[in-house]
Protein chains: 2
Amino acid sequence: MPKIVDHAARREKIAEALWRVVRRDGIRAASVRTIAAEAGWSAGAVRYYFPDQDGLLSFAMDLVSRRVTERVAAIQPKGSATTIALRYLEEALPLDAERRAEFDVWMAFMAQAQAESGAGGLRAHVDTVHDGLRHLCESLLNALAADGALQDGLDVRREAERLHALIDGLALHAAIQPDRTSAARVRQLLRHHLETLMARQ
Amino acid sequence: MPKIVDHAARREKIAEALWRVVRRDGIRAASVRTIAAEAGWSAGAVRYYFPDQDGLLSFAMDLVSRRVTERVAAIQPKGSATTIALRYLEEALPLDAERRAEFDVWMAFMAQAQAESGAGGLRAHVDTVHDGLRHLCESLLNALAADGALQDGLDVRREAERLHALIDGLALHAAIQPDRTSAARVRQLLRHHLETLMARQ
DNA sequence: ACGAGACTAACACAGCTGTGCTAAAAAGGA
DNA sequence: TCCTTTTTAGCACAGCTGTGTTAGTCTCGT
């Protein structure tokens, strides 16, 4: 029959073009035409894959979280519970150019999602990712507790919330002031925080 | 001479209209005309006070930080160093409707400021506020240390960074999931964090 | 009263916006 | 080769965008 292009791959290419536009000029500049130009196609071609703009935005936001999820899923959980925890938590932080780009875009979407009206679908994405990270924090702390690595009498639920907040705060700092908040420093702070939770050897 | 209106007050009214638009429909909807309509004036009137849109955006963002700064400056530092610290840090968190509104707007501006090109002035505002909060954290910890309330051998600089990240993370959580992250819970987590830094009585 | 200065509204313009629609091009199976 | 289906480019439309400009309205000190 006719020419076949990888539909899913094309949609991702377009979404990535949207990311670049958002990162370069902000979400206000993310129009169908600028995105098409960035992707190297005509506006009509883009609209063939995304009939309307809201769908494009929603897909692009979802792609961010899928990318992160894929990377997290690819982690091999080996080593001590502590090393594993550090490894997982680091993956959620924007410590290199690629993840920093994703985080910038994510931040733009998150701000947009806060708008009461309009694309309500974005709000659900935020909640999903947020709950996912909270759950990850809790799981990692539970694993540490099972290993007897944590101090006695620790409220794991509370510590998970605190860790979660710390992670998001560190992510923000790494993103908006990458020079002042180097990757090494962020790793150091994260490790230090975990150490304050651990039992004295 | 002619009719006199309070110039500064009018500019703030317009900026607040911009906030409402951003909060309701996102920063993408923040055009001169929608803002004018929201403020109840004509677009021409708005442009009399803000010749161009970038100026309006920049002013509106600056107003957010000024409002926060004013509230922080109005705090009466009385009570123990711990109470004072809690009082100050709480003020930086979006724990009521007004501050939540400000934070939503701030988040939208922050995301926009991350765009490499375009309104470069926004970037400076972000840095100023960011540094201000970091400095506040450090000052409060130093005051606690001077009172002998902190554990011995604590790296204050490091703890200030950790506290700062925690604050920003808690603020984010309080803003995007206010139902799941109640004001009481945030206060509890903050107090708990400080307690982990304090010397055992 | 009157006129100088501060303020407001309205229009114009070129350009961009999302979306609907249509015609053409491409490419693989028959 | 030709035909069928997918893919692409382009146009059209109404409406919005930022910004210049201009004409008008108001209010106060003289």
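A helix axis is a line fitted to C-alpha atoms over the stretch in contact, and angles run from 0 to 180 degrees between N-to-C directions. This is a predicted model: local features need pLDDT of at least 70, side-chain atom pairs count only at pLDDT 80 or more, and totals for chains, interfaces and linings use all residues. Residues are numbered from 1 along each chain as its sequence is written, while chains are lettered from A and ligands numbered from 1 in written order.

Helix 4 (residues 53-73) of chain B packs against helix 7 of chain B at about 5°. Their axes lie 10 Å apart. Helix 4 of chain B is therefore roughly parallel to helix 7 of chain B (angles under 35 degrees; over 145 is roughly antiparallel, 65 to 115 roughly perpendicular, the rest oblique). From helix 4 of chain B come B:Ser58, B:Met61, B:Asp62 and B:Ser65. They meet B:Gly121, B:Leu122, B:His125, B:Thr128 and B:Val129 in helix 7 of chain B. By class, this contact has three nonpolar, five polar and one charged residues. (Ala, Val, Leu, Ile, Met, Phe, Trp, Tyr, Cys and Pro are nonpolar; Asp, Glu, Lys and Arg are charged; the others, Gly among them, are polar.)

## Fold of chain A

Chain A has nine helices and zero strands (DSSP runs numbered from the N terminus: H or I of at least four residues for helices, E of at least two for strands). Along the sequence the pattern is α-α-α-α-α-α-α-α-α. The C-alpha atoms of chain A fill a box of roughly 65 × 40 × 30 Å, taken along the principal axes.

Of the 201 residues of chain A, 37% count as buried (20 or more other C-beta atoms within 10 Å; exposed means 12 or fewer, partly exposed in between, with C-beta atoms placed from the backbone). Take the contacts in chain A with a separation of 6 or more: residues 24 or more positions apart account for 64% of them. A contact means C-beta atoms, placed from the backbone, within 7 Å.

## The nonpolar core

The largest nonpolar core holds 106 residues (buried Ala, Val, Leu, Ile, Met, Phe, Trp, Tyr and Cys joined through C-beta atoms within 7 Å). A:Leu18, A:Leu170, B:Leu18 and B:Leu170 touch the most other members. Beyond four places in sequence, A:Leu18 touches A:Ala30, A:Ile35, A:Leu56 and A:Ala60.

## The interface between chains

The contact takes 36 residues from chain B and 36 residues from chain A. On the chain B side, five elements each supply at least two residues: helix 1 (7-25), helix 6 (97-113), helix 7 (121-146), helix 8 (156-176) and helix 9 (183-197). Helix 8 of chain B gives the most, with 12 residues. The chain B side divides into 14 nonpolar, 12 polar and 10 charged residues.

B:Arg162 sits in helix 8 of chain B. It counts as buried because it has 23 C-beta neighbours inside 10 Å. Leaving aside neighbours within four places in sequence, B:Arg162 contacts A:Leu166, A:Leu189 and A:His193. B:Arg162 and B:Cys137 are 25 residues apart along the chain, with C-alpha atoms separated by 9.3 Å.

## Symmetry

Chain B can be laid on chain A by a turn of 180° and a shift of 0.0 Å along the axis, with an RMSD of 0.1 Å. That is the relation of a two-fold axis. The same surface serves both copies: 100% of the contact residues of chain B recur in chain A. The superposition is by least squares on C-alpha atoms of residues with pLDDT of at least 70 in both copies.

## Two alanines of chain B

B:Ala81 lies in helix 5 (residues 81-91) of chain B. It is buried, since 20 other C-beta atoms lie within 10 Å. Leaving aside neighbours within four places in sequence, its contacts are B:Ala143, B:Leu144, B:Asp147 and B:Ala149. B:Ala81 and B:Ala45 are 36 residues apart in sequence and 49 Å apart in space, C-alpha to C-alpha.

B:Ala8 is in helix 1 of chain B. It is exposed, with 9 other C-beta atoms within 10 Å. B:Ala8 and B:Ala146 are 138 residues apart in sequence, and their C-alpha atoms are 41 Å apart.

Conventions
Contact = placed C-beta atoms within 7 Å.
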